[in-house]
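Open the model in your viewer and keep the selection tool ready. We will go from stop to stop, picking a few residues each time.

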Amino acid sequence: MASLQNLICSVSKQLVAPNFAVTAKLNGASHSVVSASSSGASSHEKNVTKRQLALLGAGALATGLLKTSSAFAEEVPKNYKSYVDAKDGYSYLYPAEWRDFDFLGHDSAFKDRNLALQCVRVGFIPTDKTDIRDLGPMDEAIFNLVNNVYAAPNQKPSIYDMQERTVDGKNYWTFEYDLEAPGYGVSAFATVAIGNGRYYTLIVTANERRWSRLRNRLKVVADSFKISDLTA
């Protein structure tokens with residue numbers, strides 16, 4: 001099976017983003033911005049400042065621990081569909097008008113019919129860890145993940161938000177980030193979790209220029225990801 005680098009990094013490199021990161025398939029903290037660049041004031045930094053203000057104005061989520069009930073998580077809001085993979089032990093919501101497609105190295109994926117950058121995909125790899133917290137402190141682990149796995153060499157990453165939630169005793173990390181290359185940028189949410197001897201990753205993306213209009217809708221997708229115990 002593909003390594004963590006090959007599995008997750010394939011998306012960012014195909015989309016040329018910056019340095020860092022249903023149809024059913026059933027059987028029958030304080031708010032902060034982290035940038036990997038240490039250069040002086042630039043248009044990128046001004047955009048980051050604007051982004052901070054926009055997030056604060058919209059009531060952006062602070063780093064913290066969210067307790068979520070499974071009953072609420074299983075509800076399907078209007079204009080979404082649910083994807084449930086009982087065989088591989090995960091589920092999530094996606095916008096109802098999106099269609100499924102094959103995404104190299106991933107187990108499932110859906111995208112907008114007209115805008116390919118607006119998509120969600122899920123992949124997983126084997127791991128001997130039992131909980132996402134086994135990766136270490138959340139901020140350090142996410143910074144290393146986005147910097148060293150998600151981002152291509154020509155990309156400039158920024159992390160805007162990190163949060164942990166717990167659902168039915170399972171821990172999830174969800175974070176927002178940008179990958180920016182010259183003349184091009186991608187914004188995304190990622191949710192990672194560990195269970196069933198697997199390291200699961202969900203990533204939902206859109207063009208950076210459309211992010212302000214889509215952010216809240218795509219956050220629902222990122223927050224909906226759940227893993228379930230596999231049955232023998």
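Select F189 first. Is this residue buried or exposed? F189 has 0% relative accessibility, so F189 counts as buried. Keep in mind that this is a predicted model.

With a relative accessible area of 2%, W211 is buried because the cut-off for buried is under 20%. Look at the two rings together. F189 and W211 form an aromatic pair, and the pair is tilted. Their centres are 5.1 Å apart, with 45° between the planes. F189 belongs to strand β10, residues 184-195. W211 belongs to helix α5. The two are 22 residues apart, so to speak a link between distant parts of the chain.

Stay on F189 and select K219. Where is K219 relative to the ring? K219 lies over the face of F189, at 5.8 Å from the ring centre.

For another charge over a ring, jump to K111 and F101. The charged end of K111 sits over the ring of F101, 4.9 Å from its centre.

Next, colour the sheet. Select β3, β4 and β12. In what order do the strands lie? The open sheet runs β3-β4-β12, with antiparallel pairing. β3 (80-85) and β12 stand at the edges. Each has a single partner strand, so one side of each lacks a neighbour in the sheet. Zoom in on β4 and β12: two bridges join them. In this sheet, Y90 stands opposite I227 in β12.

Show helix α5 again. α5 lies across β3, β4 and β12. Against β4, the helix runs at about 170°.

Now pick aromatic rings across the model. A search of the whole structure finds 17 aromatic pairs. One of them is Y90 with F225. This pair is tilted too, at 6.1 Å centre to centre and 35° between the planes. Y90 is in strand β4 (residues 90-95). F225 is in the loop between α5 (211-224) and β12 (226-227). The pair links distant parts of the chain, 135 residues apart.

For the last stop, select Y83, Y90, Y92, Y94, F110, F124, Y172, Y200 and F225. These residues form one aromatic cluster.

Technical notes. Residues are numbered from 1 along each chain as its sequence is written. This is a predicted model: local features need pLDDT of at least 70, side-chain atom pairs count only at pLDDT 80 or more; totals for chains, interfaces and linings use all residues. Side-chain values use heavy atoms; hydrogens and water are left out. Rings of Phe, Tyr and Trp (its six-membered ring) pair if their centres lie within 6.5 Å; planes under 30 degrees apart count as stacked, over 60 as edge-to-face and the rest as tilted. Helices (H or I, at least four residues) and strands (E, at least two) are DSSP runs, numbered from the N terminus. Buried means under 20% relative accessible area, exposed over 50%, partly exposed in between (1.4 Å probe, protein chains only). A charge sits over a ring if NZ of Lys or CZ of Arg is within 6 Å of the ring centre and within 35 degrees of the ring normal. Two strands pair if DSSP finds at least two bridges between them. Contact means heavy atoms within 4.5 Å. Axes are lines fitted to C-alpha atoms, for helices over the stretch in contact, and angles run from 0 to 180 degrees between N-to-C directions.
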